[in-house]
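I opened my notebook to see how the parts of this complex touch one another. Here is what I looked up, step by step.

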Amino acid sequence: MMMSGPGELPAVGNGAQYTVSEGDHVVLKREEVFKAVQVQSGRKITFEKQWFYLDNVIGQQYGTTFEVSTGGVLQPLKAKTEEVAKETNEAGIDNRNIIDDGKSQKLSRDDIEALKGQGLKGQDIVQHLIENSTTFRDKTGFAQEKYIKKKKKKYEAFITILKPTTRIMAMMYHSREPGKICYLRYDTLAQMLTLGNIHAGSKVIVAETCAGLVLGAVMERLGGFGSVVHLYPGSLPIRAAMENFGFPKSFYNHLYDFPINKLNSLLSGSFSTEKETLQKQTEVVVEEGNGSPLSTEQVVASCGETLMENIQSEETEAMDVACEDAENKEINAGKKTNVEERKSKQEDRMKKLQAAAAVLQGRNADGLIIASRLYPSPLLLCLLEFVAPSRPFVIYCQYKEPLLVCYSNLRERGGVVNLRLSETWLRGYQVLPNRTHPKLTMSGGGGYVLTGITVAMNKAKSIANNSKPQRLEEPAAKRQKVEESKS
Amino acid sequence: MSFVEYRDVIQNGDTAIVFLGHDSMFAIKVQQGGATQTKYGAIKHSIDLIGKKYGSKVTCSKGGWVYILHPTPELWTVTLPHRTQILYSTDISMIIMMLELKPGSIVCESGTGSGSLSHAIIRTIAPTGQLYTVEFHKQRAEKAEEEFCDHKIDHLVTVKNQDVCKEGFGVVNVADAVFLDIPSPWEAVKYSKSALKMEGGRICSFSPCIEQVQRTCLAMTEQDFMDISTFEILLRVYDVRTVSLQLPDLGTGGTNSQDTPADLKNQSKENSWSDSQQGTTQFKSGAPLREMAGHTGYLTFATKYLS
């Protein structure tokens, strides 16, 4: 097997990779809710209306479940928790005699608060609630189970610590901050990775404004083998979600980024001669970095800073996905650096930019993935120039209409086959004995995907195409076209 | 070519995809001196294919032409010879992401069937992962092994001809993920648990019927699997076309008749799609296909946490 790229064989045997260390990027899970954080001893974490410290997590294995006890200390759960004893098998048959008088629970809110204040465990509180419910015994077995489940969810706080993966990150972002990822649902992301044939050893172009989620997903599938070029609008790439994956350093060796507003000059060949002006431009950007809000990034960054201040003064719940932290720190640190450091940083950036340009200019990328808030068609037509023939490409859009335009424009351009516009529907099920049915709510839309495969462009033909734009690249499509015009 | 690594040039022994048009593709094995017949005439492998670039247009003997595409698991799925019912890319995508597969993952699968999912798994876990696939049908197991060899991915997969419900996967505490597509997955759940690493891992079971799902979920609960969740994923494909609808003739005399032409004019100025002629209006539409797959199977996922 010939493989380019700096892949590392996963550590085998010692299990070190399964143990949580200080500085690790982890995901906290409570029931179906996730939160990404970086492990730091002494740092207070707020999650699902609870606060705690992650100190006790360090040295434990991933997949361990903890219970929050007084003072925000996490206690690893020894064995599986004993089920709350249903103690009686007494149960009603139906609810004809159950009346909602609001008095079935004999414990008052204050009583419950007092129980909590005594440091009583969650499962004991649930037991108290059951014992003090006058209607519990009359409920049907199913209703009793449901009651217990609901109370457990409220009073038993078990937190599991997990390694970040695309599955978890995509589900977390979709439920918590869909706006940041252009409402990309996780099943749609799964389609994109498969349709794009993303795998180790590939050179992939990713144009995304999904907080780096798509970029992270692609990097996970490359596993450190191959390379990625991240195309971004504005002056800085935003990739907080990618940072949350906690990839090893080697994964960053072949991660490049390139600004979208330099693509035209790269295509026209004026990019390399532009070096000088480019240098000046970056200087300007760096110098004005903390001044006027030139770009969206800077606006975002300053928003982030205010959030940061909020956190420093007092813990806020607003900062749910803690992912922005790392980036903010970077920015803050950037401000403090002196002129020399700034200059060397700037040179590094120039080098990286040149490297990214060189990678693109090979015009032999193995795949292209677009998932952004930008109008996709111009971006797509431009970026396809950098893709080798017989390679898949995938464009995501929250809306269908811009992809209809892409489809038509691609047909006119030629050089692509097997175009398909699609969407997936995802339906969850509750599977329980005698209570199996589709989930009551489901996501209404997870966006649309246009996919195809590049083929060699016939130069002579593409000129002919200009005069006869109706002429198509696909032999079978001709028949399709006839059918279309008939309908 | 290889199913796990792109190459630019077609070589002797490659599996290549001949593309005649949408929904009209087939796989061929490129052989020195070989020839393939298409409805546009013959393709001579030595002259037309070997040494050419993937993605090239190839002119057939009768003057028609086709494209030759690099194989991918997705193209293989739509061109492979069926020995069983197969999984398609929509379900496969979900399975691969929800099982958290990536380069280096160790995966157990049963049954191998026609190898549609196997190819996608191997593509994802290469170059450092391994697939252990179990197929109780001897002939199918042998055929799959042959194909993996042909596709130069045999170093990434081990095929075992045994009954997973009676003998398991033949490996213990090595897998990051297990996938089951068998008629009675509940009988294989305990072997799945033992195949997974001590540190834990993910499991997925694919079943067409809800009764199978219920039994499987019960078995998973008994084996201490957590976060059990069942999904169904449906693919909706849209046909992109320009539609023109006739404008209603409301007669003359009303205020409406004066508004309509003005509306149309505005519309055609604002909207490049709508190239309105007298009496009709046009627009671009993504129309659902007349028929779609309404059900393939339920996907049940769960996690084994470290014990």
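I began by settling what counts as contact: heavy atoms within 4.5 Å. This is a predicted model, where local features need pLDDT of at least 70 and side-chain atom pairs count only at pLDDT 80 or more, while totals for chains, interfaces and linings use all residues. Residues are numbered from 1 along each chain as its sequence is written, chains are lettered from A and ligands numbered from 1 in the order in which they are written, and side-chain values use heavy atoms, with hydrogens and water left out.

**Entry 1: chain B against chain A**

I found 71 residues of chain B in contact with 76 residues of chain A. Next I looked up buried area, the accessible area (1.4 Å probe) that two parts lose on being put together, summed over both. Chain B and chain A bury about 6,600 Å² between them, and carbon and sulfur atoms give 62% of that area.

How many salt bridges does the rule find across the interface of chain B and chain A? I got 4, taking a salt bridge as a side-chain nitrogen of Lys or Arg within 4 Å of a carboxyl oxygen of Asp or Glu. A:R391 and B:D8 form a salt bridge through their side chains, at 3.3 Å from N to O.

On the chain B side, strand β12 (residues 226-246) gives the largest share, 12 residues. Strands here are DSSP runs (E, at least two residues) and helices are runs of H or I (at least four residues), numbered from the N terminus.

**Entry 2: chain B by itself**

I counted 9 helices and 14 strands in chain B. Its radius of gyration is 26 Å, well over the 19 Å that the globule rule gives for 307 residues, so chain B is more spread out than a compact globule. The radius is taken over C-alpha atoms, and the globule rule is 2.2 Å times the number of residues to the power 0.38. Along the principal axes, the C-alpha atoms of chain B fill a box of roughly 85 × 55 × 30 Å.

**Entry 3: two domains of chain A**

I then turned to domain 1 (19-79) and domain 3 (165-271 + 341-463) of chain A; such bounds come from an automatic or database domain assignment. Their C-alpha centres lie 32 Å apart. Domain 1 of chain A brings 7 residues to the contact and domain 3 of chain A brings 8.

These two domains bury about 670 Å² between them, 68% of it on carbon and sulfur atoms. I noted that A:H25, A:F34 and A:A36 supply 74% of the area that domain 1 buries against domain 3, more than any other three residues.
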